[in-house]
Amino acid sequence: MSNVKSSKPVFPENAGSREYAASLDAADPLASFRDKFIIPSKANINSKKLAKPGLSSDPCIYFCGNSLGIQPKATAKYLEAQLDTWSSIGVSGHFVDLEGSPLKQWQLLSEQAAASMSKIVGAQAEEVAAMGTLTANLHLLLASFYKPTPTKHKILLDWKAFPSDHYAIESHLAWHDLDPKQSMVLIGPDEGEYEISTEKILSYIDEHAESAALILLPGIQYYTGQLFDIEKITAYAQSRDLTVGWDLAHAYGNAELKLHDWNVDFAAWCTYKYGNAGPGAMGGLFVHERHGRVDYSEGEDAPKFRHRLTGWYGGDRSVRFKMDNSK
């Protein structure tokens, strides 16, 4: 993990040459993926007129994936499938899987998206929802998972949290009539250091375990690039009776994640950084399956489950259209 000091890399004498760069490209196991995208030409990238890009023999060098990645060649196929479904069968697109289409019927598109997204975060498909934005998802998750009491009310976060996290946490504390100066605990690095050691995070958990309800940290700290030891911190915080959430905005698509195996309580992310989706693109969230279990031991009309914000699509699909307000 990031707390292990790595030695300075050693490069060969010809590391600055075009030949050396070409040899690295040739050895790249993912090199073939370049052909799956439409790379704008140098001429088109500076054009002021809308034009068909075509496939250029003079492609630009594109490094703006964190704002909007280049277009996959498959995008047009998926968009055309949506339009063809709409034009050919109209409202039946909600319920019919069309042979030859890359898409599920519309009512199952959210599940199809979740199944794909779950592979990136190491989760089961039913633990993931492709939805909303990072901040909106954080608010939804905090509304369900942050349940302060007079004795356990603090939220631990890193000293330079991304504003999405900082503002969301402040607003939830205020919602519960709590003072951020008393209930928000910032964990910072030691003097002269940039990274926060895992040991320091664990010490903060120990120090505030009796009064803390929740810890929310970034998988990767956007300011320093530090990758936190998600597995170790999660297990330790839970052993001290803290709920554990992770903001994976800079870890999604960037680091190997195993949210289910690591027993993370909840997580949220956006897709416009290493997911290359662009500003405004749909985000995602994770809730471990253990929080979604429903106990019907006292009968179907008396389900017991962990508090969550509920909605129509949260009910069983097989009876969803009975419209009887029974989950």
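Ala, Val, Leu, Ile, Met, Phe, Trp, Tyr, Cys and Pro count here as nonpolar, Asp, Glu, Lys and Arg as charged, and the others, Gly among them, as polar. The model is predicted: local features need pLDDT of at least 70, side-chain atom pairs count only at pLDDT 80 or more, and totals for chains, interfaces and linings use all residues. Residues are numbered from 1 along each chain as its sequence is written, and side-chain values use heavy atoms, with hydrogens and water left out.

**Domains**
- The protein chain is split into domain 1 (41–70), domain 2 (74–103) and domain 3 (112–291), with bounds from an automatic or database domain assignment.
- The centres of domain 1 and domain 2, taken over C-alpha atoms, are 28 Å apart.

**Cavities**
- A cavity is a set of points, on a 1 Å grid over the protein atoms alone, where a 1.4 Å probe fits but cannot get out; lining residues have an atom within 4 Å of a point.
- Grid points are joined across faces, edges and corners, and a volume is the space filled by probe spheres set on the points.
- The whole structure holds 2 cavities of 30 Å³ or more.
- The largest cavity has about 90 Å³ of space, and its lining has 8 nonpolar, 3 polar and 3 charged residues.
- Of the 14 residues lining the largest cavity, Phe162, Pro218, Ile220, Asp247 and His250 lie nearest its centre.
- The second largest cavity has about 60 Å³, with 4 nonpolar, 5 polar and 2 charged residues in its lining.
- Residues lining the second largest cavity include Gln82, Asp97, Lys104 and Trp106.

**Largest pocket**
- A pocket is an open set of grid points with protein on both sides within 12 Å along at least five of seven lines.
- The largest pocket contains about 1500 Å³ of space.
- Its lining has 40 residues, and Glu126, Ala129, Arg308, Tyr313 and Gly314 are the closest to its centre.
- By class, the lining of the largest pocket has 18 nonpolar, 11 polar and 11 charged residues.

**Nonpolar core**
- A nonpolar core is a set of buried Ala, Val, Leu, Ile, Met, Phe, Trp, Tyr and Cys residues joined through side-chain atoms within 4.5 Å, where buried means under 20% relative accessible area (1.4 Å probe, protein chains only).
- The largest nonpolar core has 36 residues, and Ile201, Ile215, Trp246, Leu248 and Trp269 have the most contacts (heavy atoms within 4.5 Å) inside it.
- Ile201 touches Ile187, Ile196, Ile215, Leu217, Phe228 and Ile233, leaving aside residues up to four places away in sequence.

Terms used
Buried < 20%, exposed > 50% of the residue type's maximum accessible area, 1.4 Å probe, protein only.
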